[in-house]
Amino acid sequence: MIKKQVFAVLLMSWLAAAAQEIDLRALKALEAKASETTDINLGPEQIKLMMGLGSELAPELQGLGKTVERVQVKTLQFDKEGAYTLAETEKLRESVMTGNLVSLISVKKKNGFTEIAMRKGPKGENAGFLIERGEPTEIAVVSIVGQLDLSSLAKLSGKLGVPNIQMGPAETSKKKGSAKQEEEELF
Amino acid sequence: MNESPDLELQLREALRETSAPPLLRARILNAAASRGRRSSHAVLWRRIVALAALLTIGSFGLYRWEQRRRAEAVAEQFKLALRIAHREVLEVQAKLVVEVPVQLPQTN
């Protein structure tokens with residue numbers, strides 16, 4: 001009886017963890033055309049492993065490790081425009097926008113798209129977010145599962161190697177340039 | 001003095017040179033060899049145990065080192081993911097400000 005309960009709990013936690021992972025297979029075909037790709041997929045096991053470093057981790061990272069369950073990042077950069085069509089990325093949006101994601105902002109243009117969705121927990125609480133952005137020469141998908149919202153992410157400015165830029169409508173375009181510059185230095 | 005011939009006889013009998021029993025030499029050599037074998041077995045076993053202990057400690061150390069290396073790699077990836085997420089938020093915010101200008105109400 002206990003064995004069955006343990007099995008059920010394990011199965012449910014596995015299903016929950018699997019459900020949180022977004023399906024990015026739609027981007028597989030575009031990977032071949034990309035000149036540069038970044039692919040990060042950290043699940044609960046990897047985050048647990050990272051937390052094993054204990055006090056060696058920066059305090060911010062320790063805090064995030066306790067609240068974030070999964071981090072997925074995929075970016076594709078293309079040498080020239082027109083490497084993909086919006087129809088191709090439509091598959092991505094269909095496969096990603098499922099489950100507990102609530103679309104917050106959705107902008108579609110001729111040569112790109114922007115989508116921000118919030119992830120809601122079972123009690124309606126914040127459980128992460130999803131950003132999809134398509135530019136003529138770049139596609140980026142960021143999915144975070146856990147108690148990290150956009151404002152919490154903004155607070156990481158100047159910490160953990162995140163450029164020290166205050167997010168706000170004023171001077172955004174000016175600071176955007178410096179963000180890129182700082183990131184280029186970091187990478 | 002009557003007893004002296006007997007005593008003498010007994011002494012002579014006791015001190016008489018006798019030949020060693022057959023196979024005594026072989027038995028002694030055999031015993032010495034088997035003691036040597038036992039001691040070499042013990043040394044061998046000690047070496048095996050020491051080697052096993054060394055291997056166990058070494059494997060554990062290697063496992064811990066590998067785990068640590070992986071954890072550090074995950075931490076780096078985690079930080080990179082956060083940097084990209086931060087950059088994406090900035091990009092989206094900048095785009096939305098440019099493309100969807102919001103007219104903020106005047107306070108005075």
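Two strands are said to pair if DSSP finds at least two bridges between them. One of the residues involved is A:Gln72, whose bridge partner in S6(A) is A:Ser143. Strand S5 (residues 126-135) of chain A is also joined to S6(A), through eight bridges and again in the antiparallel sense, and here A:Glu132 has A:Val141 of S6(A) as its bridge partner. S5(A) and S6(A) form a hairpin, with two residues between them. Further along, S4(A) and S5(A) pair antiparallel over seven bridges, and A:Ile116 finds its bridge partner in S5(A) at A:Ile131.

Taken together, these pairings belong to an open sheet of six strands in chain A, which has the order S1-S2-S6-S5-S4-S3 and antiparallel pairing. S1 and strand S3 (101-109) of chain A stand at the edges, and because each has a single partner strand, one side of each is left without a neighbour in the sheet. Neighbouring strands of this sheet are turned against each other by 5 degrees on average, direction ignored. Strands of a sheet pair through backbone hydrogen bonds, either parallel or antiparallel.

How enclosed is strand S6 (residues 138-146) of chain A? Eight of its nine residues are buried, so S6(A) is largely enclosed by the rest of the structure. Strand S1 (residues 36-42) of chain A, by contrast in position, stands at an edge, and A:Asp39 lies in it.

Of the 187 residues of chain A, 28% count as buried. Among contacts in chain A between residues at least 6 apart in sequence, 56% join residues at least 24 apart.

One helix to examine against the sheet is H5(A), which lies across S4, S5 and S6 of chain A and runs at about 175 degrees to S5(A). In helix H5 (residues 86-96) of chain A, the residues A:Thr89, A:Leu92 and A:Val96 are buried. They cover an arc of only 40 degrees around the axis, which puts them on the same side of H5(A). What covers the buried residues of H5(A) includes strand S4 (112-120), S5 and S6 of chain A, whereas the face turned away from the buried side carries the exposed residues A:Ala87 and A:Glu94.

Chain B has two helices and zero strands, and buried residues make up 18% of its 108 residues. The largest nonpolar core has 42 residues, of which A:Val71, A:Val142, A:Ile144, B:Phe78, B:Ala81 and B:Ala85 touch the most other members. The largest share of this core, eleven residues, comes from helix H2 (residues 24-99) of chain B. Leaving aside its neighbours within four places in sequence, B:Ala85 is in contact with A:Val73, A:Val142, A:Ile144 and A:Leu153. In soluble globular proteins, nonpolar side chains tend to be buried together.

A local feature of chain B is found at B:Leu23, which lies in the loop between helix H1 (4-14) and H2 of chain B. The phi of B:Leu23 is near 70 degrees, a positive value in a residue other than glycine. With 9 C-beta neighbours inside 10 Å, B:Leu23 counts as exposed.

It remains to consider confidence. The predictor gives the complex an ipTM of 0.74 and a pTM of 0.68. Chain B averages a pLDDT of 84, and 86% of the residues score at least 70, while the mean pLDDT of chain A is 78, with 76% of its residues reaching 70 or more. Over residues 169-187 of chain A the pLDDT is below 50, and this stretch has 20 contacts in the model beyond near neighbours in sequence. Where pLDDT is low, the predicted coordinates should not be read in detail.

Conventions
Residues are numbered from 1 along each chain as its sequence is written. Chains are lettered from A and ligands numbered from 1 in the order in which they are written. This is a predicted model: local features need pLDDT of at least 70, side-chain atom pairs count only at pLDDT 80 or more; totals for chains, interfaces and linings use all residues. A residue is buried if 20 or more other C-beta atoms lie within 10 Å of its own, exposed if 12 or fewer, and partly exposed in between; C-beta atoms are placed from the backbone. Two residues are in contact if their C-beta atoms, placed from the backbone, lie within 7 Å. A nonpolar core is a set of buried Ala, Val, Leu, Ile, Met, Phe, Trp, Tyr and Cys residues joined through C-beta atoms within 7 Å. Helices (H or I, at least four residues) and strands (E, at least two) are DSSP runs, numbered from the N terminus. The arc is that of the directions from the helix axis to the C-beta atoms. pLDDT is the predictor's confidence in each residue, from 0 to 100. Axes are lines fitted to C-alpha atoms, for helices over the stretch in contact, and angles run from 0 to 180 degrees between N-to-C directions.
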